[in-house]
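Good morning, and thank you for making time on the agenda. I shall present one complex and describe its confidence, its folds and its contacts in turn.

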Amino acid sequence: MDNRIEAYFGKTLTGEERAQFEKEMRKNPVLADEVAFYLATRKAQADGARQETLEARHAEWQQLLEEEAPRTRSLWWAAAAAVAALAVGLAWYLNSSGPSYERLAHAYVSTELQTVGVRMDGTADSLQLAARLFNDGSLEEARRVTDGLLANDPDNAETKKLAGIVSLRLKDYDKAIEHFQQLGIREDLFSNPGKFYEALARLERKVPGDKEKAEELLKEVVEKGLEGKEVVEKWDVK
Amino acid sequence: MAFHPLKLSDNDLVKAIRPGSPDKRRAENTLYKQFAYLIKEGAWKHKLTPDETSIAYSDTILSVIESIEKGRYEASAALKTYVYQIFNNKCVDLIRRNSTNKAVVHRGTSLDEYVYEIPDDTRGVIEKLMQSYDYGLLYQRIKQLGDKCREMIRLWSEGTSDQLIAGELGYQSADVVKTSRLRCIDRLRALYGQSKVK
């Protein structure tokens, strides 16, 4: 096996050596196959070990559910009472503090922007890869992929949107706002969440002036019928 | 300190699942039980069998545990939402696999970070070559390697640094680990090749 494979993935090749290795990988099927086998080994081990863990835990958890089944019925009434108490508590909390854009935006980011859609066809282009990494919680890795994509194609709206969401989840609000602003000014898109997302990022960043700017943006979203309008209308903040 | 499973908040549960917690296993089981109703709900919503959603749910809980262990879970997301969304994705993956019957290369664990070190124009070719290998057979052959090779490949696939692998397995340096790993992979390749010929 070519010794440079370790150095390539360990990032210890010089720029020139790296370029040469990549050129050879494209042209030399033997080297390409060695790289593929190297990566397949790593993945086979990771998949195999995880599958074994999954099978063992699944069996253990199935057993747990079977043991729990009779107890669950007697707990039903207690659970119903707990739910009722929680509902009363939540109603009290909402009445006493009232909804604010900050709280609603935070809740929205925490619930609706945890995952993004991936195509169902199993394709593995870089944007899909970034989306899958994001959904897996590998945010830094997703950012590396979107940054790479934007370096080659800075006008790609889908990449821009995902890059903004990734930055938002990483709490890099300045970067998220920059991405969403660039997206929001585009007028060639059928659906553009740029301004709505910029408002969310500002409400999360909370520097002086952010709240006012976010409110302006949300007003614009509703007035112009931009993406996010239905969400803002449901928020019903007085 | 012992805890009662029904009294745990998201925060307490996450803390108890983190590595080193004395209540780890118990907290993991509590997490599993907490959202187990999703198994029935998923079967109905996605038109999958209860067995399929049951394994998808176990897979989900395992992914959540892994995320917590690796510090990827953010407390800003409610645990329920987090579990629900991962479970939904696992069910969609299952539907896709059922409908296309296609063994995609990023099956099981997510795509290795190493794969996207490769430039876009070459990655497709490498992935195609990767798909030509039988991962189940490859894993069996890894198990047949000597203890040291097997352990080295295991640690490497978990993302352990070569420096740490050297310390753990008694190699002189990270460089020796790299060279030895390539030899192990060469040996694995020969073993895999033999079984494919038969």
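**Confidence of the predicted complex**

Residues are numbered from 1 along each chain as its sequence is written, and chains are lettered from A and ligands numbered from 1 in the order in which they are written.

For chain B the mean pLDDT is 86, with 87% of residues at 70 or more. Two stretches of chain B have pLDDT below 50: residues 1-5, which have three contacts in the model beyond near neighbours in sequence, and residues 102-108, which have 14 such contacts. A contact here means that the C-beta atoms of two residues, placed from the backbone, lie within 7 Å. Where pLDDT is low, the predicted coordinates should not be read in detail. For the complex, the predictor gives an ipTM of 0.82 and a pTM of 0.58.

Among the elements of chain A, α3(A) has the lowest mean pLDDT, 80, and α2(A) the highest, 95. In chain B the corresponding elements are helix α5 (residues 79-100), lowest at 85, and helix α8 (residues 147-157), highest at 94.

**The two chains**

Chain A contains eleven helices and zero strands; chain B contains ten helices and zero strands. Helices (H or I, at least four residues) and strands (E, at least two) are DSSP runs, numbered from the N terminus.

How much of each chain is buried? Of the 238 residues of chain A, 33% count as buried, and in chain B buried residues make up 30% of 198. A residue is buried if 20 or more other C-beta atoms lie within 10 Å of its own, exposed if 12 or fewer, and partly exposed in between, with C-beta atoms placed from the backbone.

Contacts can also be sorted by sequence separation. In chain A, residues 24 or more positions apart account for 45% of the contacts with a separation of 6 or more. In chain B, 49% of contacts between residues at least 6 apart join residues at least 24 apart.

**The cores and helix α8 of chain A**

The largest nonpolar core has 31 residues, and A130(A), F134(A) and L200(A) have the most contacts inside it. Such a core is a set of buried Ala, Val, Leu, Ile, Met, Phe, Trp, Tyr and Cys residues joined through C-beta atoms within 7 Å. Helices α4 (101-112), α5 (126-135), α6 (139-152), α7, α8, α9 and α10 (210-223) of chain A each supply at least two of its residues, and α9(A) gives the most, six. Leaving aside neighbours within four places in sequence, L200(A) is in contact with A105(A), Y108(A) and V109(A). A second, separate core of 30 residues includes F9(A), A36(A), A44(A) and I185(B).

Within α8(A), the buried residues are A176(A), I177(A), H179(A), F180(A), L183(A) and G184(A). Seen down the helix axis, they fall within an arc of 165°, taken from the directions from the axis to the C-beta atoms, so they line one face of α8(A). Their cover includes α7 (157-169) and α9 (194-205) of chain A.

**The interface**

Which element gives the most to the side of chain A that touches chain B? Overall, 52 residues of chain A are in contact with 60 residues of chain B. The answer is α3(A), with 27 residues. The residues on this side of chain A divide into 22 nonpolar, 17 polar and 13 charged. In this count, Ala, Val, Leu, Ile, Met, Phe, Trp, Tyr, Cys and Pro are nonpolar, Asp, Glu, Lys and Arg charged, and the others, Gly among them, polar.

From chain B, T122(B) lies in helix α6 (residues 120-131). Leaving aside neighbours within four places in sequence, T122(B) is in contact with E22(A), M25(A) and R26(A). T122(B) counts as partly exposed because it has 16 C-beta neighbours inside 10 Å.

Conventions
Predicted model: local features only at pLDDT ≥ 70, side-chain atom pairs only at ≥ 80, totals over all residues. pLDDT = per-residue confidence, 0-100.
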